[in-house]
Structure formats: structure tokens, C-alpha cells
Amino acid sequence: MTQPSRRTRLLSGVQPSGKLHIGNYFGAIQQHIAMQEKGECYYFIANFHALTTINDAQQLREHTLDVALSYLALGLDPERAVFFRQSDVPEVTELAWILSSLTGMGLLERAHAYKDKVARGIPARVGLFYYPVLMAADILIYRPTHVPVGADQVQHVEMTRDMAGYFNNTYGDVFVMPEAQINEATKVVPGTDGQKMSKSYQNTIDIFAEGNALKKSVMGIVTDSTPVEDPKDPTTNTIFQLYSLVASEAETAAMAEKYRAGGYGYGAAKKELLGKLDAYFAPARARRKELEKNLDYVEQVLQNGAQRAREVAHQTMTDTRRACGLI
Ligand code: ADP
Ligand code: TRP
């Protein structure tokens, strides 16, 4: 992985497809927010992409607002990062068309995400198939050097590079080759059933859950039937893995010690996890409550972000249209 330098431009999109969970936080959001110190960041809410799976207008609006509130509450600084809604820069749909005119069917037919989604019962619509082209346009239009994403999105970034290559080879160099940047520090965050945490598996712990809802998620973590008095292996245990994400190194080592010693039950471990999780996200929950009282500010942030994003998009589109003979 290339280490970002000061002149790095990062871009990433997050789909507004449901409440964000701590797997999203430790797998993606935390990295997005940390990067704003290190490079020029462009982050957008991928509402065009969400149309492939959400067809309820109110729900899409709510989820879009939810992502905006979540990122701002978790520390996105709109003075540093350009934060906007995908649909506020409609030029991406034009670029997607131009890229699709150079892209072979075979490239899209190989996309895992499409095949996986169809296998899960999501209707096989043209938009779902075309999704990687729109994603390539999202990326290329802002000429980023790096695209921080989860491992599942790396293939899409590779396809983006293919499409940039088709264009540059055909019409001359307009696009910058972006590199996927995977958060290697965070492995897959397990859900309450021990599988990968995912909203599709109903095994999530929401970032902003509190009180009884949070307690219910944590107490519902599935454990094996090792008796309290027996020693336990912390490394394969969901409670411990989650605890290590929110506790300090010393606290994590202390819990590992208790697991190995025996006489320490999963119920006690869950209580410790609950306390740490609750405290870890408490400041973000408080900021979110403040932001909820000031939705005009949130809207203003997104509109300012869109204006800054459009300036870059506009320049790229002028170069693109000129290169391919549209102007
Ligand atoms: P979900 O699986 O809940 O539908 P998404 O596919 O929308 O989540 O993922 C959004 C981002 O969060 C992606 O970058 C993805 O890699 C990351 N992510 C999602 N779930 C996890 C997890 N359990 N562990 C680590 N990262 C995750
Ligand atoms: N497909 C990404 C996901 O599901 C979201 C996304 C859309 C994206 N456009 C992007 C991510 C551009 C990075 C860059 O998580």
C-alpha cells in the first residue's frame, strides 16, 4: 500500500442503505475520518447507487440524512473534507455513459458484487449490472490518487482502472489511475452471531445504539457452552474481538488474561464490553443529538460540499467532452 502523502487526494462513497453499524465504523468510517488529516478528501453519500436496492423515497431520504449525521457526529470536518450527496453532482451520470460506451460486457459480467447481490435475491436490473460503471465515473471524475474501501470493493476499483485505461488509450490522458487502499489494520468485524457483521445478516450493533437497544445487542452475542470455570481462548471469541476494538491495549490484555485463567464467564465479559462500547461512542451520540436539532446546518454542509465537488467535476468533464469530441 502506498502511504498517503500531503498531495494525496482520497475519494470514497458510502451507500445510504441502512443504519450504520460498528463493522462499518471500524472497517471504513474510522479510516475515512483519520485520512482527513493526511490528504485532500472527497466523501460522498452514494444515493444514486442506493436506488438499485431502495425504491421508497422517504426511506432513501432518511438513510441519506442518517449517513450525513453519522459522519459529522463521528468527526468528519467539513472544513477539511469535501462531503456531499452523489446526486448533487449529476455530471457523474454523463461520465458513466461515456465510460460505458468503451466498456466490454465481459468486464461487468465478471463483477462479484453483482453476482452476489442477485444470488441474495436482489432483482437483476440493468442499474445493478451497470453499478460498477457509475462507480468508476464517481471515482474518475474527482481524479483521486487513492480510494479507501473495504476488501469487497477492491474489484470495483480495479474495474475503474480498466475503464480509465480504455478512455486514456482511446482519447488521450484525461484520467488519473486511482489505487484502492484497504484498511489493513482492521480485519473483518464479527457480528453478534460470529459471522461478518452486516446489515444483511441482522447481526449488527448500531454505532448510535444506546440504553436497552445497545444492551440487547450485546447480551445477544452468541457464545459457546464452555462452563464459567473453564479457561477460554480469547482470540476466537466474538465478545473479546469486539472488546479489543473499543478498549485500550492494557484493558484488552487484562481481559485476555481473565479468559485464559478460567472462572470468568461470557456474561461478565459482555457486561465489560457493554460498558466500553457505551463509553466509546457516547461523545459521537451527543454530537449527533446536537446536529439533529440543526438540520439546516447539515443541509448547508452537503450543499457547500457539492459546490466544491462540482468545481472539480466540471473541469474533468470539460476535458472529457473535449477529448471525445462532444465539444
Ligand atoms: P453491509 O455489509 O452492512 O451491507 P456495506 O457493504 O454497506 O455493509 O459496507 C460499507 C463499508 O463498511 C465497506 O467499506 C465495508 O467494507 C465496510 N464493512 C462492512 N461490514 C464490515 C465488517 N463486518 N467488518 C469490516 N468492515 C466492514
Ligand atoms: N460501492 C460502494 C459500496 O457499496 C459505494 C461507492 C459508490 C463507492 N461509489 C463509490 C466507494 C466510489 C468508493 C468510491 O460500499
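Student: How far is a nitrogen atom of ligand 2 from an N or O atom in the side chain of Tyr131?
Tutor: The distance is 2.8 Å. Keep in mind that this is a predicted model.

Student: What about the side chain of Asp138, how far is that from a nitrogen atom of ligand 2?
Tutor: An N or O atom in the Asp138 side chain is 2.8 Å from a ligand 2 nitrogen. Gln153 has a polar side-chain atom 3.0 Å from a nitrogen atom of ligand 2.

Student: And how much of ligand 2 does the protein bury?
Tutor: Alone, ligand 2 exposes 370 Å². The protein buries 89% of that.

Student: Which elements give two or more residues to the shell around ligand 2?
Tutor: They are β1 (9-14), α7 (126-140) and β4 (146-149). The most comes from α7, which gives four residues.

Student: How many residues surround ligand 2, and which are the closest?
Tutor: There are 14. The closest are Gly13, Gln15, Tyr131, Asp138 and Gln153.

Student: What's the shell like by class?
Tutor: Eight residues are nonpolar, five are polar and one is charged.

Student: New topic. Why is helix α4 described as largely enclosed by the rest of the structure?
Tutor: Helix α4 covers residues 91-100, and seven of its ten residues are buried, so the rest of the structure largely encloses it. Buried here means under 20% relative accessible area.

Student: Which residues of α4 are buried?
Tutor: Glu91, Val92, Leu95, Ala96, Ile98, Leu99 and Ser100.

Student: What do the buried residues of α4 pack against?
Tutor: Those residues pack against α2 (47-50), α7, α8 (154-171) and α13 (295-324). Helix α7 also gives four residues to the shell around ligand 2.

Conventions
Residues are numbered from 1 along each chain as its sequence is written. Chains are lettered from A and ligands numbered from 1 in the order in which they are written. This is a predicted model: local features need pLDDT of at least 70, side-chain atom pairs count only at pLDDT 80 or more; totals for chains, interfaces and linings use all residues. Side-chain values use heavy atoms; hydrogens and water are left out. A residue is near a molecule or strand if one of its heavy atoms lies within 4 Å of it. A polar contact is a pair of N or O atoms within 3.5 Å; within protein, one must be able to donate a hydrogen and the other to accept it, and residues adjacent in sequence count only if both atoms are side-chain atoms. Accessible areas come from the Shrake-Rupley method with a 1.4 Å probe; for residues, only the protein chains shown count as cover. Ala, Val, Leu, Ile, Met, Phe, Trp, Tyr, Cys and Pro count as nonpolar, Asp, Glu, Lys and Arg as charged, and the others, Gly among them, as polar. Buried means under 20% relative accessible area, exposed over 50%, partly exposed in between (1.4 Å probe, protein chains only). Contact means heavy atoms within 4.5 Å.
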